[in-house]
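Take a look at the structure below and keep it open while you read. We'll walk through a few spots in it together.

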Amino acid sequence: MLCMLPLGSIHAQTQCTYWGDFNTQAKTQMITLNQPSENKLSIAGQLLYRPLKQDETSYWLGLQLVSPQVEVDQQTINAALYGVPFAVKVNAKTKLVSDYHFAGKLKPADQQKLIAIYHSLHSEHLHQADLSEPMVRKESDDLGQYTVSYALNHDKSITRSKVNYFTTKQSGNMFDFALPDVIDDEFVLKLDHCGLRALQGENHTSVQTKKGDIKVAVEQKVQFKVNPAPIPSSTLLLTLDDNPLKWPMLSEHVLYPRPPANPLKDANAFIAALKGLDISNLTNEQLGQLLYDNQIYLASLKQLIKSQELADKMLSKLFLMVGKNDSSYAHQLLVDVYLDPDIAGKQRFRSLMGLKYAEQPLAPELVDQILDSAQQQSEGEQKRLSNSALMVLGVIAKNQSGSEFSSYVGERLAQQLKQTSDARRQVSILAALGNSGDSAQQDKIADYLNSSDTRLRTQAAESLGKMPNQESLNYITDQLGIEQDKNTQAALLRAMGNNELDSKQIDGLFSYSQSQPQQVRLAAIEALAQQAKTEPKLKARLKMLVKSEKDQQVQRALMKAVYGG
């Protein structure tokens with residue numbers, strides 16, 4: 001018998017890639033200062049699941065709502081954002097979700113919409129659960145922490161019932177909400193060896209402020225059932241790498257398309273309009289719209305920048321918003337300004353900071369121009385600018401991780417690393433490769449862990465820490481076992497902390513957190529703080545170190561790790 005759609009067993013293999021009919025309807029009723037309002041939301045589509053990369057400590061689950069249909073108050077809306085593939089990282093031991101990754105530059109509110117779809121179907125903790133007796137456990141959602149029960153039925157299905165909330169999630173707004181009230185909550189799940197086969201149920205929850213001036217009641221129904229129909233091979237999730245961190249990203253311009261530009265008559269009219277405005281008093285939105293409408297004239301800004309007619313505060317804002325324009329015209333202008341030695345160094349640096357916002361690929365010739373310029377012998381301000389340019393290229397590559405552009409930048413940086421023998425330049429290129437997060441270059445970075453220069457070893461460690469995976473972790477731990485320099489040890493420990501570690505590696509971090517130089521203890525604590533985010537039990541062990549630690553900086557790191565903030 002073929003397995004059905006999993007939401008996701010760690011044992012799932014390629015044959016567990018399936019889809020099913022997904023449907024949810026929600027009605028939200030709100031009373032604000034005695035004024036009632038109501039809205040309805042309906043989401044439907046084929047929910048596709050695909051098992052992705054896994055290792056000993058965690059695994060990724062890929063999901064995509066194919067051909068989504070969304071209605072708000074019975075009006076059909078553009079549902080493209082709901083069709084963006086996303087991945088969920090699950091801790092293999094605790095079954096807690098430790099991370100999400102999206103194949104597009106979604107706004108936080110839109111990310112939460114996809115997370116909510118997954119959360120309604122999450123069943124990782126049930127695959128090997130002993131339900132011979134009803135199981136009660138604590139879970140959490142965007143309202144707070146609650147108690148939930150699971151019971152095995154005679155037909156082998158599982159009934160999930162939320163019992164009650166015992167904490168309220170603190171929000172960043174001014175409203176102080178009381179504990180939510182679970183009026184009704186019951187879902188029936190059917191699982192097989194791959195995962196979830198079907199789910200059906202409904203929830204009715206209400207919440208109000210402690211003052212009672214705002215009341216919200218939500219009724220939601222969720223249905224899911226496997227569909228045996230074949231999945232089109234062109235479906236986007238099926239075409240992506242099994243490592244979500246290598247996925248190319250749909251840019252914000254694709255996901256949130258803007259209306260056609262409305263340019264002024266010509267470049268002279270554009271410059272005249274800019275000069276006639278106090279740019280520093282324009283909102284970012286206003287200036288951004290002006291630049292968007294007239295992006296075909298952006299090249300004319302170079303002479304204006306060079307003339308120094310605009311006040312420094314205006315120039316600062318102009319570079320920021322040109323960078324966020326992220327068009328080919330903006331890229332060309334910013335690179336032209338950076339490469340012009342007759343323009344003040346401060347403005348050339350600002351042009352690089354503007355480039356950091358690029359989510360669209362830079363033309364290869366622009367990348368080559370930046371690298372060729374950085375490769376030239378220089379001192380003082382020009383050398384600092386060259387190093388900054390390398391760093392920015394790495395950041396841009398990271399913005400577009402998994403794309404051909406990102407790979408091209410990584411390869412070109414690696415070429416320059418090989419071609420130079422200047423240690424300071426090697427440090428800059430290693431840092432740029434780290435910024436790029438391109439794990440395809442990690443072997444070349446790891447070679448510098450063997451350098452006799454501690455600066456290179458330290459930077460190689462820091463760069464490997466920015467591309468967490470099993471191979472880079474092996475490089476880091478192997479070097480840690482033989483490293484004698486304390487600053488490099490600290491860099492290696494911090495790099496370890498960015499990975500998911502096993503119990504033996506965590507014990508190793510604890511050994512470095514005691515009876516070691518200050519910088520080593522501090523790095524070990526910071527690495528353990530990273531681990532405690534997904535392994536809360538570690539906080540008790542960290543708390544035991546507070547009393548014995550005498551250094552104030554390390555104490556602060558311990559307190560932050562244990563109590564947050």
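## Before we start

This is a predicted model, where local features need pLDDT of at least 70, side-chain atom pairs count only at pLDDT 80 or more, and totals for chains, interfaces and linings use all residues. Residues are numbered from 1 along each chain as its sequence is written, and side-chain values use heavy atoms, with hydrogens and water left out.

## The disulfide

You'll find one disulfide here, meaning a pair of cysteine sulfur atoms within 2.5 Å. Its partners are Cys16 and Cys194, with sulfur atoms 1.7 Å apart. The link ties together distant parts of the chain, 178 residues apart: Cys16 sits in the segment before strand 1 (18-32), while Cys194 is in the loop between strand 10 (181-191) and strand 11 (196-208). Helices (H or I, at least four residues) and strands (E, at least two) are DSSP runs, numbered from the N terminus.

At -55° about the S-S bond, the link of Cys16 and Cys194 is left-handed. Both Cys16 and Cys194 are buried. Buried means under 20% relative accessible area, exposed means over 50%, and partly exposed is in between (1.4 Å probe, protein chains only).

## Tyr150

Tyr150 belongs to strand 8 (residues 144-152). Why does Tyr150 count as buried? Because its relative accessible area is 1%.

The side chain of Tyr150 makes a polar contact with the side chain of His125 at 2.8 Å. A polar contact is a pair of N or O atoms within 3.5 Å; within protein, one must be able to donate a hydrogen and the other to accept it, and residues adjacent in sequence count only if both atoms are side-chain atoms. Leaving aside residues up to four places away in sequence, Tyr150 touches several others, including Leu126, Pro134, Glu139 and Ile158; touching means heavy atoms within 4.5 Å.

## Lys162

Lys162 lies in strand 9 (residues 158-168). With a relative accessible area of 14%, Lys162 is buried.

The side chain of Lys162 has a polar contact with the side chain of Tyr165 (3.1 Å). Not counting residues up to four places away in sequence, Lys162 touches, among others, Asp141, Tyr146, Val182 and Asn203.

## Leu250

Leu250 is in the loop between helix 2 (236-239) and helix 3 (252-255). Its relative accessibility is 30%, so Leu250 counts as partly exposed.
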